[in-house]
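Subject: Structure handover

Hi,

Here is the structure I promised to pass on.

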Amino acid sequence: QVHLVESGGGLVQAGGSLRLSCAASGLTFSRYGMGWFRQAPGKERAFVAAISRSGDSTLYADSVKGRFTISRDNAKNTVYLQMNSLKPEDTAVYYCAADHQPYSRSTIRTAEIQYDYWGQGTQVTVSS
């Protein structure tokens, strides 16, 4: 059974930093592209960042480009989201997701429907 477990969320002041982690189990982690999405209160869930299964390709939403960094450690079955210069509008529940990519080492996808497994989410609150 596949499990994705996010951690690292919390309350931070604007301008601060947080590092989210997502530990995966029950799957061959190195065959999955990984993504982070977020859902703010009253809004639909939205793409934040993604990384290819090899880690050599990344993609970011315009709203977080230059402030957030996605990375992965295939030896630890973990994907990370380093969030710097946080803004109140970054407040949301953050979800990690896994996208099975058995044939491509570098593919990155941004649509929710393309992801196979999801974590339960971790709350990030940025105060002004």
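Let me start with Arg-109, which counts as partly exposed because its relative accessibility is 28%. (Buried is under 20% relative accessible area, exposed is over 50% and partly exposed is in between, using a 1.4 Å probe and protein chains only.) Arg-109 forms a salt bridge with Asp-99, with the closest N and O atoms 2.8 Å apart. Asp-99 sits in strand β9 and Arg-109 in the loop between β9 and β10, so the pair ties together parts that are 10 residues apart in sequence. Asp-99 itself is buried, because its relative accessibility is 1%.

Before I go on, some ground rules. This is a predicted model, so local features need pLDDT of at least 70 and side-chain atom pairs count only at pLDDT 80 or more, while totals for chains, interfaces and linings use all residues. Residues are numbered from 1 along each chain as its sequence is written, and side-chain values use heavy atoms, with hydrogens and water left out. Strands (E, at least two residues) and helices (H or I, at least four) are DSSP runs, numbered from the N terminus.

Back to the salt bridges (a side-chain nitrogen of Lys or Arg within 4 Å of a carboxyl oxygen of Asp or Glu). The structure holds 5 of them. One joins the side chains of Arg-45 and Glu-112 at 3.0 Å, N to O. Arg-45 is in the loop between β4 and β5 and Glu-112 in the loop between β9 and β10 (117-118), so this pair ties together parts 67 residues apart in sequence. Arg-45 is partly exposed at 25% relative accessibility, and Glu-112 is partly exposed at 31%.

Asp-62 and Lys-65 also meet through their side chains in a salt bridge, at 3.0 Å from N to O. Here Asp-62 is exposed at 64% relative accessibility, and Lys-65 is exposed at 51%. There is also a network of salt bridges linking Arg-38, Arg-67 and Asp-90.

Now the inside. Contact means heavy atoms within 4.5 Å. Not counting residues up to four places away in sequence, Leu-81 touches residues including Leu-18, Trp-36, Val-48, Phe-68, Ile-70 and Tyr-94.

Two more residues to look at. Ser-52 is in the loop between β5 (46-51) and β6 (58-60), and it counts as buried because its relative accessibility is 0%. A polar atom of the Ser-52 side chain lies 3.4 Å from the backbone oxygen of Arg-105. Beyond its neighbours within four places in sequence, Ser-52 is in contact with Gly-33, Arg-72 and Thr-107, among others.

Gln-123 lies in strand β11 (residues 122-127) and is partly exposed at 38% relative accessibility. Its side chain makes a polar contact of 3.3 Å with that of Thr-125. (A polar contact is a pair of N or O atoms within 3.5 Å; within protein, one must be able to donate a hydrogen and the other to accept it, and residues adjacent in sequence count only if both atoms are side-chain atoms.)

Cheers
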